[in-house]
Amino acid sequence: MKLGIILTTGNRSKAYLQKIIKKGIKLDQIFFMNNNNQEKQFSKEAIIQSKKNGFDISKSVENTLLDHKLEFVEFSFNDINNSELIDAVKKSTMDYFVFAGGGILKQEILSSKSKFIHFHPGIVPEYKGSTCFYYSLINENNCGVTAFVMNEGIDTGDIIYQKKFQKPDHIFIDDVFDSHIRSETLIDVLENKLLLPNKFKKQDSETGNTYFIIHPVLKHIAILNCIKDI
Amino acid sequence: MTYQYTKRDLLKIPQKYQQSQFEGKEFLDSYFKNRREVIEKTNCSDKTLESIENELKKIAISSKNDLEKIFIKIIYDKNTNEKLSNNKIIDIFLKKFEIKKRVMEEYDSNNKEKSDNFYYLRNYLLISILCCLRYRETKNLKFLNTILKINDTLISQFFKINEILNLEILSIILRMEIDFITELYTLKGLNNN
C-alpha cells in the first residue's frame, strides 16, 4: 500500500507531519500547499500544551519538511480543488492520501484513483459537520475522532476507525486539542495498519446529526466545562 | 467587556463565527447583559407564546406569505401525526440560515428562493420560535446554536423592529434562549465557579 499526504500550513498538518516523523512512519509522497500565509503567533502556554501533546505548534510545516530532508512537491495555494493539485493527484500512484484541510473535496479530485482519508473530530453519525468536539464536550464530557474515506457527502464516508478522548484540561481547543486528537487517531490507523477496505464500515448518511460552527456562547460553556475542576 | 456579536448589521455583513476567541466567564456575563438589556427595551416581558397565539393565527389566515403561514401552523400544531414532516421543515430552514446567515422572504413549494429580500424579519422570528420549541423537546444543541445566531441577527436589526407583535416575539425568544443557556450552564456545574 502506498501512502501520501497533502499538507497545508495549518496546525493539523504540523501535528500530522511531526507525529508521523516521530513514529518513523514512511510517507511515499508529500504534497504541500504553501500559500505563504504569515505563520500565526501562539502564546507560550499554547506552545507548551502542544509539546505536551507530542507536537510543536510553533514549528512550521516547511521547516519540519526541510529539517528532516523530506522530499515534497510544493504548491503556492491552499485549495484542495485547484486544477494543478488535481493533475498531480491524478498522476500519482498513491493508494491513499491523508487529507489535512484545504476545503471540501469536489467530484473531480474525488474521482481520481487515490482515496482520501479524513480525520473528523467527531464520532459519526452522531457528530457530523463543523466544530463537533465542542458539542460532544458539552453533551458527553468527552469527544472522539472518526477516520473515514472521503466521499461527496459531509462526513458520510466509509468508517476506518473511531477513537474517543477525555475532555482536555486546558483552553487551547481549536489550536492544540483539535490537531492533537486527529493526529493521535492518524497514528493509530497507520501503526495498526487499519487501511483495509474489507474492514471499512458503511455509514447510513440519513442518520445522526449535522452540526454547524459553534456559537461563542456554547463554545465558552464547552471550554469552561473542560477547565472547571482545575 | 461588551458582547460584540450584535454590534453590526448582521444581515448586511453576516457573522461567520469562525475561530472565535475564548474570553473567559466574563464573556458569558456580557452575553447575559446584552440579552437582558434588549428584553427590557422591548417592554414586553409579560408576553408568552400562548398569549400571542390568537394574533399570530390571524396573521396566518390573512398573510400572503405561504412560508409565514406554514411556520405559524407548525408552532401551534398539536397534531403529532404531522410532527415528522414539520421537523423536516425546521431542519431545512435551520440549514438555510446556518449556511447563508440569511432567510429570504418567500420560498416556493420546493423550498427554493422566490424572493431576494432577506430583511423580512418575521421569518427569522418564527424560525427562532421553532428552534426554541425543538430544543425544548429534544435538547439537541444544534437548535440552541441556531437560536443564538438568529437572535444575534435579530438584535442587530433591533432599530428596524417597529411592529409590536415582532417586539413581543423577540422578547419571548430571548427569554427562552436565556433560560436554555442558564439551564445548560447550571447542568454543567458552572454556576459555582
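In the largest nonpolar core, which comprises 102 residues, the members that touch the most other members are A:Leu7, A:Leu218 and B:Ile127. The greatest contribution to this core comes from helix H5 of chain B (residues 121-138), which gives 10 residues. The structure described here is a predicted model. In soluble globular proteins, nonpolar side chains tend to be buried together. For B:Ile127, once neighbours within four places in sequence are left aside, the contacts are with B:Phe71, B:Phe93, B:Phe97, B:Val103 and B:Ile150.

Within chain A, helix H1 (residues 11-22) and helix H7 (residues 173-191) have axes that come within 8 Å of each other and cross at roughly 40°. Because the angle has this value, H1(A) is classed as oblique to H7(A), and the crossing of the two helices is right-handed. On the side of H1(A), the residues that take part are A:Asn11, A:Arg12, A:Lys14, A:Ala15, A:Tyr16 and A:Lys19, and these meet A:Asp175, A:Ser179, A:His180, A:Arg182, A:Ser183, A:Leu186 and A:Ile187 in H7(A). Sorted by class, the contact of H1(A) with H7(A) has four nonpolar, four polar and five charged residues.

Between the chains, 26 residues of chain B are in contact with 21 residues of chain A. On the side of chain B that touches chain A, at least two residues each are supplied by helix H1 (25-42), helix H6 (141-156) and helix H7 (164-187) of chain B, with the largest share, six residues, coming from H6(B). The residues on this side of chain B divide into 13 nonpolar, seven polar and six charged.

A further position examined in chain A is A:Asn142, which lies in strand E7 (residues 142-149) of that chain. The C-alpha atom of A:Asn142 is separated by 9.3 Å from that of A:Cys226, a residue 84 residues apart from A:Asn142 along the chain.

Conventions:
Residues are numbered from 1 along each chain as its sequence is written. Chains are lettered from A and ligands numbered from 1 in the order in which they are written. This is a predicted model: local features need pLDDT of at least 70, side-chain atom pairs count only at pLDDT 80 or more; totals for chains, interfaces and linings use all residues. A nonpolar core is a set of buried Ala, Val, Leu, Ile, Met, Phe, Trp, Tyr and Cys residues joined through C-beta atoms within 7 Å. A residue is buried if 20 or more other C-beta atoms lie within 10 Å of its own, exposed if 12 or fewer, and partly exposed in between; C-beta atoms are placed from the backbone. Helices (H or I, at least four residues) and strands (E, at least two) are DSSP runs, numbered from the N terminus. Two residues are in contact if their C-beta atoms, placed from the backbone, lie within 7 Å. Axes are lines fitted to C-alpha atoms, for helices over the stretch in contact, and angles run from 0 to 180 degrees between N-to-C directions. Angles under 35 degrees count as roughly parallel, over 145 as roughly antiparallel, 65 to 115 as roughly perpendicular and the rest as oblique. A crossing is left-handed if the near helix is turned anticlockwise from the far one by less than a right angle, and right-handed if clockwise. Ala, Val, Leu, Ile, Met, Phe, Trp, Tyr, Cys and Pro count as nonpolar, Asp, Glu, Lys and Arg as charged, and the others, Gly among them, as polar.
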